[in-house]
Amino acid sequence: MTRLTITAAAIACLAGASPALAEPMALLDRNGSRVAIEPYAPNIVRVTIALDKALAEAPPGDGPIAKADAAGWTHRTDASGDIFTSSALTLTVDAKPWPKAPTQMDRYFAPSLPPVSLSISDAGGALLTKMTGWEMAPVTVNGEKTFKVGATFDSPADEHYYGLGQNQEGVLDLRGRQIDCQHHYDAPAGETVCVPFMVTNKGYGIVWDNPARTLVWPGLHSATRWQSQVGERVSFFVITGKTTDDLYAGYARLTGATPLPPKAGFGLIQSKARYESQQELLDIAKGYRQRNLPLDVMVLDWFYWTRMGQIDIDRTYFPDPKGMNDTLKAMGMRSIISVWPRFERESRYFDMLATKGWLLHDKDGNPIDGLPMRYDRAGALIDSTNPDARQWFWSTVRDNILSQGFDWLWLDETEPDLIPDGYWYARGSGDRYHNLYPLVHTSGVAEGSERDRPTFRNMILARAAYLGSQRTGGLFWSSDVHATWDALRRQVPTGLNFTATGLAYWGSDIGGWQWPNGPKAQRPVLVDPAGATAMGADYADYPELFVRWFQYSVFTPTLRIHGQRPGTALWDYGKAAEPILAEWLRLRYALIPYIYALGRHTYESGAPFMRALFMDFPNDPKVAAIGDQYMFGPAFLVAPVTEQGQTKRSVYLPAGTAWYDYWTNQRFEGGQTVEVDAPIQRMPLFVRAGSIVPIGAAVKSMAEKQPIESIRVYPGADSRFTLYDDDGTTNAYRKGGMKAELVWDDRAKTLTSKTKLPTGQAVTGLVRIMGQ
């Protein structure tokens with residue numbers, strides 16, 4: 001295949017995957033390197049560099065959906081180069097003199113690529129970042145003659161980096177590491193998920209526009225380098241902002257808003273790998289109601305079918321799925337069902353899909369069946385890069401599965417698990433589009449639901465993501481992690497980097513997915529395992545682990561119990577664990593008015609509400625690398641306990657505000673580390689001074705109206721909090737909803753609202769001033 005053919009194919013693929021072609025603000029020539037500058041907003045600009053003019057002018061790939069917009073931008077040229085200016089930033093593409101004839105040493109060492117460098121400064125002229133060079137190295141990948149492509153940026157010593165999706169190595173700050181940005185289920189520390197958006201503490205973020213496997217070295221040897229393993233151009237966006245939330249607003253503008261999940265998605269989601277019968281699932285649901293424990297969603301995981309890819313329900317074990325769902329709804333519950341993208345060769349749709357070319361295939365068109373690297377060898381992957389295949393998948397699942405009363409879909413193994421490298425999609429080489437699948441697969445369901453259930457609020461449980469995946473309504477989780485203390489420790493920074501990528505809804509399988517199996521406890525076990533049935537007798541500290549994992553998860557965006565163990569319900573961890581878990585579950589439901597308001601704010605702003613400390617305390621250098629505590633909305637500082645037998649832990653209280661211990665109401669000044677008690681009933685939890693925290697009345701599920709029981713105010717600063725509510729199930733939230741802006745005057749010690757609360761209640765009588 002010639003270079004010319006590759007370029008034409010690449011342009012065709014890009015044009016077919018993106019918004020319509022738009023003229024760049026400028027197409028520059030740097031001695032043969034073509035540089036396109038394309039603004040999207042005053043604080044968002046795209047840079048494309050290629051040797052081929054058509055590639056430089058081609059639109060971005062999948063992920064970005066915004067249209068270019070150069071309103072308010074100016075372009076001038078002087079001796080330093082081409083200067084592009086908006087109200088938010090200045091981008092300068094450096095001038096490059098005509099190159100001199102190469103010396104003998106240059107002929108041996110110097111690259112042939114015409115150099116390009118550029119810099120970006122904020123509105124005040126302060127340098128944010130400088131790109132010092134770009135690269136194109138010829139390679140052959142999957143039979144294609146192509147290139148490795150990349151760019152290098154300066155990295156000052158005090159620059160810190162966050163995001164890039166999911167990496168489970170247990171460290172928040174990415175500086176000085178190699179990040180292998182690819183979807184990889186079998187990554188040693190736990191599944192990696194590539195969302196190539198990285199933010200910094202310097203007021204900018206970079207969206208890297210290439211779906212191939214990409215290596216990133218943030219701040220390594222004073223430079224940050226990106227290198228995609230397949231490509232013919234460099235394409236990236238720079239987003240700037242005075243705050244990190246400005247960066248997330250820019251990301252949302254570029255790649256799509258985050259929908260507000262249905263209210264049930266904020267309650268408890270109960271799952272197990274797997275409920276073997278309709279009766280078992282209903283018995284668990286009834287068990288929650290009999291114990292007066294709140295629960296919103298029951299999940300039916302895999303192998304409810306007769307064959308993988310049959311897209312049916314085995315009526316031997318699930319004789320009346322519609323009746324099962326009717327029973328759940330009568331109890332105020334909803335349901336999620338797992339649907340996989342894999343099709344066994346013996347399933348009824350395999351031959352049809354293979355004939356149509358709707359499966360991942362080899363170079364000769366033969367479907368790829370199974371996973372040669374693991375024991376898991378059944379089935380071929382539906383090619384969701386093909387829009388016809390996506391439409392067929394949605395309509396078949398809708399007619400065969402959702403018609404039985406299930407509410408939402410769990411789209412498992414969306415990495416995909418069948419690694420596409422060396423194979424082919426309809427779109428092109430699996431290596432070229434290695435990271436694309438989770439976006440197109442979930443998009444097919446999101447678009448189908450929007451079309452066929454226009455008033456019903458969609459939600460998708462999804463195992464992987466890519467740029468823009470937040471717009472599909474996904475709740476993402478950290479995959480099939482181990483049931484160990486080490487895995488729990490890793491979850492905290494893992495989740496913080498994921499939400500720092502601009503995808504707000506993340507959680508984990510509470511208790512770990514893998515069969516409970518860990519080393520013998522080294523300290524006295526804090527939860528008596530008597531009566532526990534969730535594990536074997538050799539894992540005496542597993543109930544303690546589950547309690548700590550559950551406490552942490554109460555303060556994550558989603559609360560979902562799941563795992564490969566005999567029992568996963570709250571009463572399966574023993575008589576000592578159950579009352580502790582019940583109290584924490586009730587705390588989660590009491591906080592849903594607060595959390596739901598945070599979800600609304602994310603929909604409007606793009607900002608996540610599970611927040612690494614660097615987001616809210618940019619002037620405190622001590623927080624830059626803290627990955628074991630975080631903010632949950634504007635009020636709560638969360639410090640999970642992740643060590644077995646631990647009954648105290650140190651907590652750093654960020655500077656610039658005072659803090660209240662949630663359990664004792666003791667006030668502390670920020671800028672110090674405190675040692676706090678952490679008995680098994682408690683997880684260290686602090687509330688920022690000035691916080692307004694609405695507390696909801698006890699309910700069985702979000703199917704009930706939840707009045708506000710009290711509004712807690714933690715004095716110390718003036719503040720505002722917008723309380724929000726709606727019907728919780730339809731898309732009417734897009735047109736508004738009910739809001740009340742609560743205003744705390746710290747000097748007068750009064751909380752006011754110009755309107756009644758969304759529940760119809762008046763503020764009078766509900767206010768509780770804490771710490772007095």
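Helices here are DSSP runs of H or I with at least four residues, strands are runs of E with at least two, and both are numbered from the N terminus.

Before going on, what we are looking at. Residues are numbered from 1 along each chain as its sequence is written, and side-chain values use heavy atoms, with hydrogens and water left out. This is a predicted model, in which local features need pLDDT of at least 70, side-chain atom pairs count only at pLDDT 80 or more, and totals for chains, interfaces and linings use all residues.

Back to the backbone. Most residues other than glycine have a negative phi, and most peptide bonds are trans. His 221 is not a glycine, yet has a positive phi of about 55°. Is His 221 buried or exposed? I use buried for under 20% relative accessible area, exposed for over 50%, and partly exposed in between, with a 1.4 Å probe and protein chains only. At 74%, His 221 counts as exposed. Ser 479 also is not a glycine and has a positive phi, of about 75°. Ser 479 sits in the loop between strand E24 (474-477) and H10, and at 2% relative accessibility it counts as buried.

Next, cis peptide bonds. One runs from Ala 273 to Arg 274, with omega near 10°. Ala 273 lies in the loop between strand E17 (268-270) and H5, and Arg 274 lies in the loop between E17 and H5. Ala 273 is buried, at 16% relative accessible area. What does Ala 273 contact, leaving aside neighbours within four places in sequence? Taking contact as heavy atoms within 4.5 Å, the partners are Asp 301, Trp 513, His 562, Gly 563 and Gln 564. A cis bond also joins Glu 415 and Pro 416, with omega about 10°. Pro 416 is in the loop between strand E22 (408-411) and helix H9 (437-452).

Now helix packing. Two packed helices are described by the angle between their axes and the distance between the axes. Axes are lines fitted to C-alpha atoms, for helices over the stretch in contact, and angles run from 0 to 180 degrees between N-to-C directions. Under 35 degrees counts as roughly parallel, over 145 as roughly antiparallel, 65 to 115 as roughly perpendicular, and the rest as oblique. Helix H10 (residues 485-500) and H11 have axes that come within 10 Å and cross at roughly 10°. That makes H10 roughly parallel to H11. On the H10 side the contacts are Trp 485, Ala 487, Leu 488, Gln 491 and Val 492, and these meet Glu 544, Leu 545, Arg 548, Trp 549 and Tyr 552 in H11.

Helix H11 (residues 542-554) also packs on helix H12 (residues 577-590), at an angle of about 5° with the axes 10 Å apart. H11 and H12 are therefore roughly parallel to each other. Residues in that contact include Phe 546 and Phe 550 of H11, and Leu 581 and Trp 584 of H12.

Helix H6 (residues 321-330) has Pro 321, Gly 323, Met 324, Asn 325 and Leu 328 as its buried residues. Their cover includes helix H5 (278-290), strand E18 (297-300) and strand E19 (334-339). Just after H6, Gly 332 takes a positive phi of about 80°.

Last, charges. How many salt bridges does the structure hold? Counting a side-chain nitrogen of Lys or Arg within 4 Å of a carboxyl oxygen of Asp or Glu, there are 52. One of them pairs Glu 38 with Arg 46, the closest N and O atoms being 2.8 Å apart, and both Glu 38 and Arg 46 are buried. Another pairs Asp 209 with Arg 233, the closest N and O atoms being 3.5 Å apart. Asp 209 lies in the loop between strand E13 (204-208) and strand E14 (214-220), and Arg 233 in the loop between strand E15 (223-231) and E16, so the pair ties together parts 24 residues apart in sequence. Asp 209 is buried, at 7%, and Arg 233 counts as buried at 7%.

Lys 363 and Asp 364 also meet in a salt bridge, at 3.6 Å, N to O. Here Asp 364 is exposed at 57%, and Lys 363 is exposed at 70%.
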